[in-house]
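Work through the exercises below with the sequence and the model open. Try each task before you read its solution.

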Amino acid sequence: MEHQAPPDDFIVQVNAAAVAAVDERSSASQIEEAARDDDDGKTTDGGAGLTRRTFSESYRMKHRNPLEFTKWQVALLSYQSLGVVYGDIGTSPLYVFSSFTLPDPGEEDILGILSLILWTLTMISLVKYVFIVLHADDHGEGGTFALYSLLRQHVNFKGKMPMPVTHLASDINLKFHSKKNDLPSRMQEFLEGSTTAQAVITYIVLVGTCMVMGDGALTPSISVLSAVQGIQSRSSRITQDHVVILCVIILVFLFLFQRHGTSKVSFTFSPIMLLWFALVSSIGLYNIIKYYPPVLKALSPHYIYIYFVRNKRAGWEQLGAAILCITGSEAMFADLGHFNKLSIQMAFSFLVYPSLILAYAGQAAFLIKNPSKLSTTFYSSIPEPLFWPMFIVASLAAIVASQALISASYSIIRQSIALGCFPRVTMKHTSEKYEGQVYSPEITYFLMIVCILITVGFKGGPEIGQAYGVAVIWVMLITTKLMTVVMIIIWQVHIAVAGLFFIVYSSIEGLYTTSLLYKIAQGGWVPFAITAFFLIITLSWTYGRSKKNEYEASNLMDRQEFIKTVTMSNRVPGICFFCTDLMNGIPPIVRHYAHHMGCLRELVVFVTVRFLHVTSVLPEERFLIDKLEPFGVYRCIVQYGYMDSQDMEDSEYVASVIASLKDIAENEDEIALIDSALANGSSFVIGRVILSMGTRQNCFKRFVINNLYRFLQKNFRSNISSLKIAPGKTLQIGMQYEI
């Protein structure tokens, strides 16, 4: 007989009072006057009218609280967003025009290219992202994972998914869990009934996040290279090889500096970008007046038609260069959690967008009179007295652009680890003030090596731009697909409106994709190679984890066996925490432990750390407590959102769980047992499982489990490394699962 989970009414969601033991130690010195307010997680101190700063207040993600901003605060956030959000798209004038390779461009060709750039920037960056996509946030968080999280909250995903699927009835009551619509749409009903469609969406999300990693490797290469290439115009003795070497040196210093954290230099980011936008827009206006004042007539889309008529196939092949003008548009959505919608919309609409329009128009006006300078457009169009100031500012702006994508890569890997679809790597917090600023040495060195290989391998040629364009457009295509589903299921807009959005943007982005796919052999393969690398790791890891969970679920200790094991074992004082991935049933590791140790602690708690598809779980929602049989055995589920960090020490875990157990204790004897166990110390038992797949399975599956998954297990960090547990309290039990 298999062990059955107790009825739902035995599961208790703990409120802020249950973690008072943690508050007593961590926040006792922080006393302030306030009325008792359970909703805010405050506990009154002895009825004296004073409240103690609680665990809930200390660990709540502050930037996710619904806040009202004044106009000046929004303006300040808009200014701050310049250095974080707009580094990538802001520096695109460095390389867009020079990525075109027309043999003998005329005035109509230049106007056609400018028209392409202006309309691409307007339709995708302004209309799609600023006015539509930014509204699809998950309680203030943006990005591909946020869209997927929204869908998981509204659609009951099931079946064998690459990302773990667990549902509890209490999930809907979480503060950061979106409430389902009362009347589900037909698409929602279709998705809930089709595991194939759910799997397709999940794999699309995984491909999109892996593509962003490719973006993170390509952005530093193309940005820094484009910024320093201008030095060639100062001397004929400076060759492309010298530029590549200089670029590599800058990249090495850039990546090695990551360990100090972005907070060390972030205060300079926004002033640099503000100066950059002021300079490129002023120079653009100067060039318009000096070279070709009517250049803005390119706003008429008929110049795009003329461009294709004149250049035919060659014009279509150059579309990949035009897409570079919107690199970094995805960052407006991905970095939404650091600011708010209005600040990002204001910064782009009133500063970034007009500056870019003037910059591109000025470059086009210059090229109309100097078409031979197409390959060196940016630096050639700068007035001579401003060359060196612009060279310095452009180099700094390129570093800002690179930093934004490198930081985004850290965030993506961190979220992937939290959702169980990537093996654990080292994640270090570089700021005590901003919880989202993290650094991973493994990811840093990987990106640095890839950036250097790309820069040296392509020698700074146009192949880098083609590879960059492929990464950009595929991420945008994936966002379009997910946004269409969100519009129908969550926003419940009319199917015709959602269909129009899908058709318009799939057509625009699809046209660019056809041009870029043509360039796969000329550098476009790079983002696909990086995506494949991360996808292999992700799928191998999730497949191995699913096989491990399947084995444990089919080899649970049944209820009678477990009761017999507990009653026949010697009970020693103290608490034993068994860490397991299972939310129901007794894992086979307990059988193995009891057989070899011959004893169990007087208090046994099965602890499962569960990551939900919500941005954050409040501390008062953190613990779910469940009583098991026999007496003295409990289950504790510790819940986190995908943006939360596991920042509790082992003593805090113990204190929080003990407080929760006392909260559901039925009599004084049970409380006495809990206090006695706490006084005699605690230990954590972690299973170290080795999977071994036999010859009954096909050779490909055996290769994945016995080679890839085992390699990842051995060379990446274990689960225990993410918990701050003292080594003296930890016992790892090794087992081999034959699957």
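**Exercise 1. Decide whether Tyr593 is buried or exposed, and describe its ring pair.**

Step 1. Tyr593 has a relative accessibility of 7%, so Tyr593 counts as buried (buried means under 20% relative accessible area, exposed over 50%, partly exposed in between, with a 1.4 Å probe and protein chains only).

Step 2. Rings of Phe, Tyr and Trp (its six-membered ring) pair if their centres lie within 6.5 Å; planes under 30 degrees apart count as stacked, over 60 as edge-to-face and the rest as tilted. The ring centres of Phe578 and Tyr593 lie 5.2 Å apart and the planes meet at 85°, so this pair is edge-to-face.

Step 3. Phe578 belongs to strand E7 (residues 570–579) and Tyr593 to helix H22 (residues 588–597), 15 residues apart. Helices (H or I, at least four residues) and strands (E, at least two) are DSSP runs, numbered from the N terminus.

Step 4. Phe578 is buried as well, because its relative accessibility is 1%.

**Exercise 2. Find where the predictor's confidence is lowest and where it is highest.**

Step 1. This is a predicted model: local features need pLDDT of at least 70 and side-chain atom pairs count only at pLDDT 80 or more, while totals for chains, interfaces and linings use all residues. Residues are numbered from 1 along each chain as its sequence is written, and side-chain values use heavy atoms, with hydrogens and water left out.

Step 2. The protein chain has an average pLDDT of 79, and 82% of the residues score at least 70 (pLDDT is the predictor's confidence in each residue, from 0 to 100).

Step 3. Helix H2 (residues 55–59) has the lowest confidence, with a mean of 31, and helix H5 (residues 107–131) the highest, at 95.

Step 4. Over residues 1–66 pLDDT stays under 50. Where pLDDT is low, the predicted coordinates should not be read in detail.

**Exercise 3. Which residues of H9 are buried, and what covers them?**

Step 1. Helix H9 (residues 240–256) has 17 residues and spans 24 Å from first to last C-alpha, close to the 24 Å expected at 1.5 Å a residue (the expected span is 1.5 Å times one less than the number of residues).

Step 2. Its buried residues are Val243, Val244, Cys247, Val248, Leu251, Leu254 and Phe255. They lie on the same side of H9 because they cover an arc of only 135° around the axis (the arc is that of the directions from the helix axis to the C-beta atoms).

Step 3. The cover includes helix H8 (195–228), helix H16 (387–418) and helix H17 (441–458).

**Exercise 4. Describe the surroundings of Val526.**

Step 1. Val526 is in helix H20 (residues 525–554) and counts as buried, at 5% relative accessibility.

Step 2. Leaving aside neighbours within four places in sequence, Val526 contacts Leu218, Ile454, Phe458 and Ala467 (contact means heavy atoms within 4.5 Å).

Step 3. Val526 and Ala471 are 55 residues apart in sequence and 8.8 Å apart in space, C-alpha to C-alpha.

**Exercise 5. How many residues has the largest nonpolar core?**

Step 1. A nonpolar core is a set of buried Ala, Val, Leu, Ile, Met, Phe, Trp, Tyr and Cys residues joined through side-chain atoms within 4.5 Å.

Step 2. The largest has 179 residues, and Tyr86 and Trp276 are among those with the most contacts inside it. Helix H18 (residues 463–489) gives the largest share, 17 residues.

Step 3. Apart from this core lies another of 24 residues, including Cys636 and Tyr640.
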